[in-house]
Amino acid sequence: MMYSRHLAQSRPANTTAVSVYSPPVNTITEITAVVICNTAGTSQDFRIFLDNDGTTYDQTTALFWDVPVPADASLQLDANWWMDNSSGNLAVRTDSASAFTFTVFGSENDL
């Protein structure tokens, strides 16, 4: 049985895409939620990418693109995203450095 838990957390310090989570070797992961907290005093945009076998963070792996979050607000994305490749990445990008904290919840199970 797989139990949902805290998998990863990141506060990107710049505006380039960065991996937040990569599954361990021989593991299948279900991402069940991502919480995005805007700690800036103004509305900010984010992007989320899922590349199950690499590090391509562009339109071809985008799940969310330039989604605004109001100043000092949080947004929860409920998900059912599966990852089964240890070279894969769930990645994020923001339009302002240190504006967001991304927290990933889900479950990991051995293959």
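**The sheet and its surroundings**

Guide: Cys37 stands opposite Thr101 in strand 8. This is a predicted model, in which local features need pLDDT of at least 70 and side-chain atom pairs count only at pLDDT 80 or more, while totals for chains, interfaces and linings use all residues. Residues are numbered from 1 along each chain as its sequence is written, and side-chain values use heavy atoms, with hydrogens and water left out.

Strands here are DSSP runs of E with at least two residues, numbered from the N terminus. Strand 3 (residues 27-38) and strand 8 pair in the antiparallel sense, with 11 bridges between them; two strands count as paired if DSSP finds at least two bridges. Thr27 also has its bridge partner in strand 8, namely Asp110. Strand 8 (residues 100-110) pairs with strand 1 (residues 5-10) as well, again in the antiparallel sense and over five bridges. There, Ser10 has Phe102 of strand 8 as its bridge partner.

These pairings belong to an open sheet of four strands, ordered 1-8-3-6 and antiparallel in its pairing. Strand 1 and strand 6 form the edges, each of them pairing on one side only. From one strand to the next the twist averages 20°, with axes taken as lines fitted to C-alpha atoms and angles running from 0 to 180 degrees between N-to-C directions.

The aromatic residues come next. Rings of Phe, Tyr and Trp (its six-membered ring) pair if their centres lie within 6.5 Å; planes under 30 degrees apart are stacked, those over 60 edge-to-face and the rest tilted. By this rule there are seven aromatic pairs. In one of them, the rings of Phe49 and Tyr57 have centres 6.0 Å apart and planes at 40°, so the pair is tilted. The pair formed by Phe64 and Trp81 is tilted too, at 6.2 Å centre to centre and 50° between the planes. It links distant parts of the chain, since Phe64 belongs to strand 5 and Trp81 to strand 6 (residues 74-83), 17 residues apart.

Phe49 is buried at 1% relative accessibility, whereas Tyr57, at 21%, is partly exposed. Trp81 counts as buried at 16%, and Phe64 is partly exposed with a relative accessible area of 25%. Ring pairs join Phe64 and Trp81 with Phe46, Phe100 and Phe102 into a cluster.

Thr61, in the loop between strand 4 (44-51) and strand 5 (62-69), is buried at 10% relative accessibility. Leaving aside residues up to four places away in sequence, Thr61 touches Ile48, Phe49, Leu50, Asp51 and Thr56, contact meaning heavy atoms within 4.5 Å. Asn89 lies in strand 7 (residues 89-94) and is buried at 9% relative accessibility. Although Asn89 and Val20 are 69 residues apart along the chain, their C-alpha atoms are separated by 7.3 Å.

Asp66, in strand 5, has a phi near 50°, a positive value in a residue other than glycine, and is partly exposed at 33%. Asp72, in the loop between strand 5 and strand 6, likewise has a positive phi, of about 55°, without being a glycine; with a relative accessible area of 58%, Asp72 is exposed.

Conventions:
Buried means under 20% relative accessible area, exposed over 50%, partly exposed in between (1.4 Å probe, protein chains only).
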